[in-house]
Amino acid sequence: MVLKSGKLLKHSHSIFGSKWKVKWVHLDEVSLKYYPMVVDQKVIQGAKPKVLMLRDYTVSIVDDRKSSRKYSFQLLGRNKEKTRVFACATERECREWVDAITQPVAPKPNQIDEDKVVEEDTDSDAMKKAKAAFAKLDPTSSGKVSTARLHDLLETISFLQTLHIIFCLYMGWHGSSDEFAVVQQALDPQLIGKIPRVHFVAWAHAHFSAPDSPPPRPSSDFVEAAPVTTDWNGLFWELQQSDHATPSSVVSQGLSLAIMLKDFHDAAQAFARTIVDDILLHPTAGSAIDPPTAEHALLGYIDCPLFRSNGLCGFVYHPTTHLAAKTLGHDVRSAQAFQAALDSVGASDAVGVPLQCLVDYMGVRVLVLAELFHAMPKSVQDKTAACAAIQGTMHYLHMCEPHPDTVSKILPLDTHVVQAAHGRVVLTKLRHLCASDVLHEPKDNVGAWKLRPEYIQAYHTVLPSNVHQGHAADDNAVTCASHYLQKSIVPACVHRLETHVTVVDSGAVTAMLHADGVNMRYLGRLYELATLKHVRRLLLTEMVARAAKVLLRAMVREGPGHWRAIVVDFFNVLCGSGNDSVEFYANEIEPTVALKYGVVVKDIRQELHMPQLCFALQVHTGVHMAPADHAALHFDFTAHHPFRATNVRALEPLVMLLCTTTAACRRVIDADVEDKDIALQNAKLALAVEQACPTDPRHIHLCSLLATAADLSLQVGDVADAETFATLALEEGPTSHAVLVRAYVVLMKLYDTKHDLQSVLHAYNKALDVATWHLGPSHPFVLEVLTAMVDIYVARKSWPEALTALEQSAAVVKEAFGRTAKSFAEIRCKQAVILHSVGSHDQALSMYEDALRVYEGMPSAMDSATCCTAMSNLLLEMKMLHPAYNTAMKAHELLKECSPDDHMAMLASWMQLGTCAKALDEDFRALECYKASLGLVKANQASIEDAVDWIQNLSRLLVPLILKTLWPEAKQYLDKIKRKERVQVDQDVLSFVVSQMYTLDAPAYMELIFKDLTRESNTPPGPLFQVLSSQTQLLGVLQLLDQ
């Protein structure tokens, strides 16, 4: 029963500020639903509402002084985790809403209690049959029956025949024993021999209820005005005309366009749902395909059905074929590249592509284009503004030379051209924009496989769209491009994957490969080239998920009314641990992967980590799975059937939008800057764009951006913002996804600054739990958590705990990379430093030796030199003097080999050698090392920090060694002076001595002094000793040494 409905303002709040949006609100006795409305304030037909269950909220009127709008009321979550605020037009209306929400409503007689697994208003026929059958076999109402009576239970309600049909249709199984075993495992997953009543009723409802209804549409009784047609292209092109002169205008324009694109996204998604509903769920005579119309011809798609609504045109090939779906994909991807290039070269006022998106829903692919008003067919003439714009855009894409002869030669084949309002030339069907990937495409379908525009832009030779048309020279050019991609770019991608451990899920690996210009069809080749276990698993998971996506879409397309049951069965057979899963992988997945990606992998299931596959499946299929019990954060993948119908929250459409903001705004977001403050501003802009036009319904990308902003905020010292961003990431991100780890790490560091060790350990354990569950305990991404905890322990001087965490890190690295990885050596060095500091010298030395063995096998000698220096210091402290000197000499030779121009490193090496030689009482060798150090400092004073201090300290080290290594006559004279009572010299003499040491350097100055002292009596003193005698200056040197 509808209690109340009407238009209200809903308040949304985030770190970017607050805003009010108009929503159509619909109240019944159990829930409050609100629907999105497009820019002209009309309800989006077919839109899916947000639903608030009234039992989870309390309602109250908001004090006007605490709200930016009068006449507001709020729904406060009983756990106080969420608050929804709505504003009315008048005070009376506000009170009416509050009264309607709070008034008691008598429950329906057949309404299911809250503790039931399936939340429906009334029992379905299947549930009634299941309850009745269960009651017959459970006369004592114990709530359980023996598993041995399952056959009788099913036979009682005549489910067996229907069950057989379901399995045959969707799963390809025909053996009754297998079917029965699957049902038994679903109802008794723990093999306790009992079937709970609630599980049986829920299972019956999921598999045998009437077909699920399509997404609800707002009822006609509360749509206030007749539908109007929105000029989406007009809005899109108008927002692209703004000024790019200042950074603020770039940001303003980018955000305005993102907000408008979100409205288009919602409208297109709802429109596509309606189309699929008409085709699959409720086909009627009105769903018959109309003959081609003028609109078909105008947009270029005359070979497929056209649907129209609110300024949108929907095209769909039904039944969908693989080639048709791929062709539509080429259309949108090419339009994306062309639109970005148009925006970048500033040619959007002369040429454009219509606003469009691709929607995959219920196994059907729908191309949605914004309708073109006042348009007519047009051909592009040379030497016009449109011609220049197309030439500039194609040159920007590296698909033509700077000044091509005619536009007809560079325009992709089969491109459809029309002229829209204001003379703008509009291009559709740009599917042949990119040259063919001829070494990978099937021979019977030339042109089906394309190179990516990112690759073509980076390729060293121009690759025109029409390069592959049977001409020998052109064929050779495109063949070379395909060959270079496979032999150079693909191996480079493997190297990046093996060095970037943060690439852990489908979205990240797809974005990375596409940025490098590599299509996902090369996953098999990447898998063959990869050597690291976690990378091979990631690529294999991606291949399985994409192969499974095709199978699931076909199943849902054939039985849309039972999509929930199909999804549950499909996810169970892919992620479960029963014999049916083994057979399904052997009979379906492995052959599909081999055919699609060209790799033969036996026992694929054993190579996968099921939580990682589960997340990948959800990304690619649009299925949203969540534990029914919020206290249970994880699914149990050791069970034969880890999923139930109550775990399926939604089957969402997957939308590929033309763009999400302007090219200028995107360049700001993607800019790689070293300044942390600028990087933080760019991260906040990326967040604002993502919030304005979300690209990921699971919020994985949003969570990643929030974690990045949190980390940058912490680095620039903005602790409050860092905590806000990290907390938002945990609230908005998907449960148990590894993307949450970075937010937990930021919180660990924040709590450490507050000296709250308990909170640090709580965040640490959460991060470790999420990372190990999603990716496995030996995935290198776990190191990010362990490393952060090690740093905290070291800062607190909690040495045993730090050593424990480092040993865990070493175990992960050995499993993921092996003992020869550089990261293993780095961990060993950290362990050695801590062991050295706590006095465990022998263990520390062993750790350094482990590290050195790794470093010696690497091309760069710098790490080996650093490790040798640390070992030398340790050996020196252990009184192992000869090994210490030899190790220091080895470090010195390595430094001279790899970094002779690093003056500070060379200075430290000379000093280390001098220290070791001095400890060995090899004064002459120590003297030479310190003299070399002094010469290095004096020759490079500009590049050596605190050079004057270095000169003074080295002089203090050198003078005693010089005095110990004098020739006999000079040594006799020195001994004679020492035996006499020493005369103190004044400050002027000391200042003179210091200046001479700095000017001449200590060795040269001391040599002059002793040469003058030992000269013949009839020989006059040197110029340096005309005023102050050499004896006086020597007394000054000795006095300086005593100070």
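**The sheet and a cavity**

Guide: Five strands make an open, antiparallel sheet, ordered S10-S11-S14-S13-S20. This is a predicted model, where local features need pLDDT of at least 70, side-chain atom pairs count only at pLDDT 80 or more, and totals for chains, interfaces and linings use all residues. Residues are numbered from 1 along each chain as its sequence is written, and side-chain values use heavy atoms, leaving out hydrogens and water.

Visitor: Why do S10 and S20 stand at the edges?

Guide: Strand S10 (306–309) and strand S20 (654–657) each have a single partner strand, so one side of each lacks a neighbour in the sheet. Strands here are DSSP runs (E, at least two residues), numbered from the N terminus, as are helices (H or I, at least four).

Visitor: What makes S10 and S11 a pair?

Guide: Pairing takes at least two bridges found by DSSP. S10 and strand S11 (residues 312–316) have four, in the antiparallel sense, so they count as a pair. One of the contacts joins Leu306 to its bridge partner Phe315 in S11.

Visitor: Which element gives the second largest cavity the largest share of its lining?

Guide: H17, with four residues. Helix H17 (533–558) and strand S13 (356–361) each supply at least two.

Visitor: What classes does that lining have?

Guide: Six nonpolar, two polar and four charged residues.

How values were computed: Ala, Val, Leu, Ile, Met, Phe, Trp, Tyr, Cys and Pro count as nonpolar, Asp, Glu, Lys and Arg as charged, and the others, Gly among them, as polar.
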